[in-house]
Amino acid sequence: MSLAPFLIFTGGAAAASAFLLRGVLGVKRARLVFDNGALVVFRGGLVVTRDLLRRAGIAPEVLRYVSRRHFEIFWGEGGYRIVDLGSLNGTYLNGVRLKCMRAYPLNDGDVISIGRVVEARFYLR
């Protein structure tokens with residue numbers, strides 16, 4: 001049985017509460033909770049794209065500010081890290097714009113803003 005690298009729950013955290021995701025030993029499961037209530041659960045890494053946000057129910061008029069490949073979250077150096085992939089409108093971590101192609105550590109509860117129009121909170125669980 002193969003599993004998708006991530007799953008999107010549009011019913012909020014309650015819809016995902018019983019969900020278990022198998023993964024690599026030592027890599028914690030993570031989730032992004034978007035301001036519209038959508039939940040993306042993943043383990044190991046995730047590239048946040050315009051298409052992923054569309055499937056997560058982000059409004060079409062907002063998607064024009066999101067790059068095709070906006071940012072990536074990956075497991076490295078003992079924790080999750082985030083990298084802006086050269087997005088036009090920027091990726092912000094706790095209000096600070098990230099420099100392109102530079103990895104920054106992520107902590108539980110961090111706020112990620114996409115072009116200052118879409119917001120998500122990062123959780124380790």
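A residue is called buried under 20% relative accessible area, exposed over 50%, and partly exposed in between, with a 1.4 Å probe and protein chains only. At 34% relative accessibility, Asp51 therefore counts as partly exposed. The structure is a predicted model, in which local features need pLDDT of at least 70, side-chain atom pairs count only at pLDDT 80 or more, and totals for chains, interfaces and linings use all residues. Residues are numbered from 1 along each chain as its sequence is written, and side-chain values use heavy atoms, with hydrogens and water left out.

**Overall architecture**

- The protein contains three helices and eleven strands; helices (H or I, at least four residues) and strands (E, at least two) are DSSP runs, numbered from the N terminus.
- Read from the N terminus, the order of elements is β-α-β-β-β-α-α-β-β-β-β-β-β-β.
- Of the 125 residues in the protein, 42% are buried.
- A contact means heavy atoms within 4.5 Å. Among contacts between residues at least 6 apart in sequence, 42% join residues at least 24 apart.
- The protein exposes about 6,900 Å², and carbon and sulfur atoms supply 53% of this area. Accessible areas come from the Shrake-Rupley method with a 1.4 Å probe; for residues, only the protein chains shown count as cover.

- A salt bridge is a side-chain nitrogen of Lys or Arg within 4 Å of a carboxyl oxygen of Asp or Glu. A search of the whole structure finds two of them.
- Another joins the side chains of Arg55 and Asp51, at 3.1 Å from N to O. Arg55 and Asp51 are four residues apart in helix α2, again about one turn.

**The four-stranded sheet**

- Strands of a sheet pair through backbone hydrogen bonds, either parallel or antiparallel. Two strands are counted as paired if DSSP finds at least two bridges between them.
- An open sheet of four strands has the order β4-β5-β6-β9, and its pairing is antiparallel. Its edge strands are β4 (45–49) and β9 (104–105), each of which pairs on one side only.
- Strand β6 (residues 79–84) pairs with β9 in the antiparallel sense over two bridges. Arg81 stands opposite Pro105 in β9.

**Two buried residues**

- Ser67 is located in the loop between α3 (60–63) and β5 (69–76). This residue is buried, with a relative accessible area of 14%.
- The side chain of Ser67 reaches the backbone nitrogen of Leu88 at 3.2 Å. Apart from neighbours within four places in sequence, Ser67 is in contact with Thr49, Arg50, Ser87 and Leu88.
- Ala30 belongs to strand β2 (residues 29–34) and is buried, with a relative accessible area of 0%.
- Ala30 and Val41 are eleven residues apart along the chain, and their C-alpha atoms are separated by 6.0 Å.
- Not counting residues up to four places away in sequence, Ala30 touches Val40, Val41, Phe42, Tyr80, Phe122, Tyr123, Leu124 and Arg125.

Definitions and conventions
Polar contact = N/O pair within 3.5 Å; in protein donor to acceptor, adjacent residues only side chain to side chain.
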